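Work through the exercises below with the model open. Try each task before reading its solution.

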Amino acid sequence: MNDQQRKQLDEQGYLIFKNVLSPSEIETILTRLEELWSLEGDQAGEENYIEAGVRRLANLANKGEIFRDLYAHPQVLEVVEAVMGPEIRASMVNARDVPPHTGVRMSFHMDSDKGRVRDEKGYNAATAIWMLDEFSVASGATAFVPGSHLFEKSPKQVLTDLNASHPDEIVIEGQPGDVLVFNGHCWHAGRPNLTDNHRRAVLVHYLRADVPRPENRRQHLDAEHAAALSPRERELLGLDDKEVV
């Protein structure tokens, strides 16, 4: 990151990097995601949670080599470490698709551990959204309140209507191949897709290594997938914490 990017991350809580994925990489990822949605059917995403009205997948670190390049991407990890230090874990590696003309506006929320604000060790969460389709106002791109990580309060403590637009919100738009990385303490909300196209993304949620992760907030790898990982990838997935199954 350059000085301007660091300043934006500190003050506004997010960065967006353009054209990180090539068209061929996007096609490969989408092909694999569609295969998984077909294979897993109604149970898709159950390792984490199933969300009504959208398609989800979970535990992607165990479902394809291509996802290693996402959760361990050095440009993303630089931002995540700037948010909460070098001891981090890739907690959830998921996919989410809001189909055409569907979805609802989500409640404003934070991605921090149980909605907790910054503690004596600092921030405890960050998120990367890898855009695989166009993210626009019409397609329901993320509503985001810049600088809200500095409020030291959760949306529930402040807002009377968590589902209403915030006067300071922006919509973070992007193209396929872009990646949005943000401080997990920022207030944000997904929005409905009003277009004729899908809005698919891979979402990687990172937690500070000392934050406890319940079963549905971890990646569970079989021995074959675990054996192929680099030491850094093993550390990111917490495999030394006996998460191999």
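The exercises cover aromatic pairs, a helix end and pockets.

This is a predicted model: local features need pLDDT of at least 70, side-chain atom pairs count only at pLDDT 80 or more, and totals for chains, interfaces and linings use all residues. Residues are numbered from 1 along each chain as its sequence is written, and side-chain values use heavy atoms, without hydrogens and water.

**Exercise 1.** Classify the ring pair Tyr14 and Phe144, and state whether each residue is buried or exposed.

*Solution.*
- Start with the rule: rings of Phe, Tyr and Trp (its six-membered ring) pair if their centres lie within 6.5 Å; planes under 30 degrees apart are stacked, over 60 edge-to-face, the rest tilted.
- By this rule there are three aromatic pairs.
- The ring centres of Tyr14 and Phe144 are 5.1 Å apart and the planes meet at 65°, so the pair is edge-to-face.
- Now place the residues: Tyr14 is in strand 1 (residues 14-17) and Phe144 in strand 5 (residues 143-144), 130 residues apart. Strands (E, at least two residues) and helices (H or I, at least four) are DSSP runs, numbered from the N terminus.
- Last, burial: buried means under 20% relative accessible area, exposed over 50%, partly exposed in between (1.4 Å probe, protein chains only). Tyr14 has 12% and Phe144 has 0%, so both are buried.
- Tyr14 and Phe144 also form one aromatic cluster with Phe182.

**Exercise 2.** Find what caps the N-terminal end of helix 1.

*Solution.*
- Helix 1 spans residues 3-12.
- Asn2 is the cap: a side-chain oxygen of Asn2 lies 3.1 Å from the backbone nitrogen of Gln4.
- Just after helix 1, Gly13 takes a positive phi of about 90°.

**Exercise 3.** Describe the lining of the largest pocket.

*Solution.*
- Define the term: on a 1 Å grid over the protein atoms alone, a pocket is an open set of points where a 1.4 Å probe fits, with protein on both sides within 12 Å along at least five of seven lines; lining residues have an atom within 4 Å of a point.
- The volume is about 810 Å³, counted as the space filled by probe spheres set on the points, which are joined across faces, edges and corners.
- The lining has 39 residues; Tyr49, Met92, His109, Met110 and Asp111 lie nearest the centre.
- Strand 9 gives the most, with seven residues.
- The lining divides into 17 nonpolar (Ala, Val, Leu, Ile, Met, Phe, Trp, Tyr, Cys, Pro), eleven charged (Asp, Glu, Lys, Arg) and eleven polar residues (the others, Gly among them).

Conventions. A polar contact is a pair of N or O atoms within 3.5 Å; within protein, one must be able to donate a hydrogen and the other to accept it, and residues adjacent in sequence count only if both atoms are side-chain atoms.
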